[in-house]
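Colleague: I have the sequence and a model open on the screen. Can we walk through the helices, the rings and the pocket?

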Amino acid sequence: MTILPGAGAYWFEGNDVGCLLIHGFTGTPQNVRPLADYLARRGLAVAAPRMPGHGTTAEDLDSTGPEDWLGAAEQALAELRSRCSTVFVAGISMGGTITLELARRHSDLAGVVVMAAAVLPLEGLEPVVNDPDRPASIPAPWATVGVLTEDVGVGGIAYLEMPLGALERGMKLMAQVLEGLSDVTVPTLLVYGDADQIVDKANGPFVLGRIAASDKRLLALSDSSHEVTLDVDRERVMVEVYDFIRGHSKE
């Protein structure tokens with residue numbers, strides 16, 4: 001297995017406050033690197049694992065599923081907890097969906113940041129996923145420039161095709177997470193781009209209304225699409241995430 005250049009996991013040593021960053025479906029840790037760098041420069045410990053099946057080939061991804069992704073996230077969280085007494089989790093897209101599941105499982109987390117996460121059905125993709133004669137994969141919507149980000153001058157490392165077996169299993173994870181939203185009680189910052197062409201921005205207020213956390217906020221980014229950690233509002237995302245972490249860290 002050969003990892004694509006720049007697509008590997010990374011870790012930043014820091015103080016006693018740590019943040020686990022989880023990338024999205026078909027993406028890599030590079031897609032959250034600007035946020036990781038920003039937090040690390042401010043003294044935080046940052047872990048950004050590579051989810052199984054990602055950063056190599058789309059065929060590798062098609063042999064994995066939610067159990068693999070959640071297992072990797074749980075392992076990375078346990079390692080971060082062994083180093084830090086105050087731990088946050090932040091994830092984008094599928095990584096945000098996984099973050100919601102981690103929040104449900106671990107009510108002692110200091111807080112979570114959920115960015116562009118889907119829990120509602122992906123209506124545009126359901127017909128092809130449910131087609132008995134479907135191909136093994138289809139071109140990813142973000143193979144077209146300007147879909148993942150409004151800023152066409154930036155881009156992450158991601159597969160340009162979507163394996164439909166893995167996507168179908170990911171959709172089942174979304175349904176599972178939706179059912180467990182009422183068990184999420186940790187402080188939560190939700191971040192969604194109004195111009196998102198991948199995940200309906202309606203997911204933001206839906207999740208906000210369903211989670212049981214008393215400390216929760218929705219940040220809507222009027223100028224950003226799906227990959228909010230790379231898009232035109234990325235500096236605002238960095239500041240908002242850091243302020244959230246600082247405001248919910250132990251004294």
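**Helix crossing, rings and pocket**

Modeller: The crossing of α3 and α4 is right-handed. Keep in mind that this is a predicted model.

Colleague: At roughly what angle do the axes of α3 and α4 cross?

Modeller: Helix α3 covers residues 66–81. Its axis and that of α4 come within 11 Å. The crossing angle is roughly 60°.

Colleague: How many charged residues are in the contact of α3 with α4?

Modeller: From α3, the residues are Trp69, Leu70, Ala73 and Glu74. They meet Met94, Ile98, Glu101, Leu102 and Arg105 in α4. By class, that contact has 6 nonpolar residues, no polar ones, and charged residues numbering 3.

Colleague: Is the pair of Phe25 and Trp69 stacked or edge-to-face?

Modeller: The count of aromatic pairs comes to 4. For Phe25 and Trp69, the ring centres are 6.0 Å apart. Their planes stand at 70°, and over 60 counts as edge-to-face. So the pair is edge-to-face.

Colleague: How many residues apart in sequence are the parts that this pair ties together?

Modeller: Phe25 sits in the loop between β2 (17–22) and α1 (33–41). Trp69 belongs to helix α3. The pair therefore ties together parts whose separation in sequence is 44 residues.

Colleague: What is the volume of the largest pocket, and which element gives the largest share of its lining?

Modeller: The volume is about 620 Å³. Of the 34 lining residues, Ala118, Leu122, Leu125, Ile198 and Val199 are the closest to the centre. The elements giving two or more residues are α4 (94–105) and α6 (164–179). The largest share, 5 residues, comes from α6.

Colleague: Which class has 19 residues in that lining?

Modeller: Charged residues number 4 in the lining of the largest pocket. Polar ones number 11. The class with 19 is nonpolar.

Colleague: How far apart in space are Asp151 and Glu126?

Modeller: Asp151 is in the loop between β6 (137–139) and β7 (161–163). Leaving out residues up to four places away in sequence, Asp151 touches Asp231, Val232 and Arg234. Asp151 and Glu126 are 25 residues apart in sequence. C-alpha to C-alpha, their distance in space is 28 Å.

Terms used: Residues numbered from 1 in each chain as written. Predicted model: local features only at pLDDT ≥ 70, side-chain atom pairs only at ≥ 80, totals over all residues. Heavy atoms only, no water. 1 Å grid on protein atoms, 1.4 Å probe; cavity = no way out; pocket = protein on both sides within 12 Å on 5 of 7 lines; lining within 4 Å. Points joined across faces, edges and corners; volume = space filled by probe spheres on them. Helix = DSSP H or I, 4+ residues; strand = E, 2+ residues; numbered from the N terminus. Nonpolar A, V, L, I, M, F, W, Y, C, P; charged D, E, K, R; others polar. Axes fitted to C-alpha atoms, helices over the stretch in contact; angles between N-to-C directions. Left-handed = near helix turned anticlockwise from the far one by under 90°. Contact = heavy atoms within 4.5 Å. Phe/Tyr/Trp six-rings, centres within 6.5 Å; stacked < 30°, edge-to-face > 60°.
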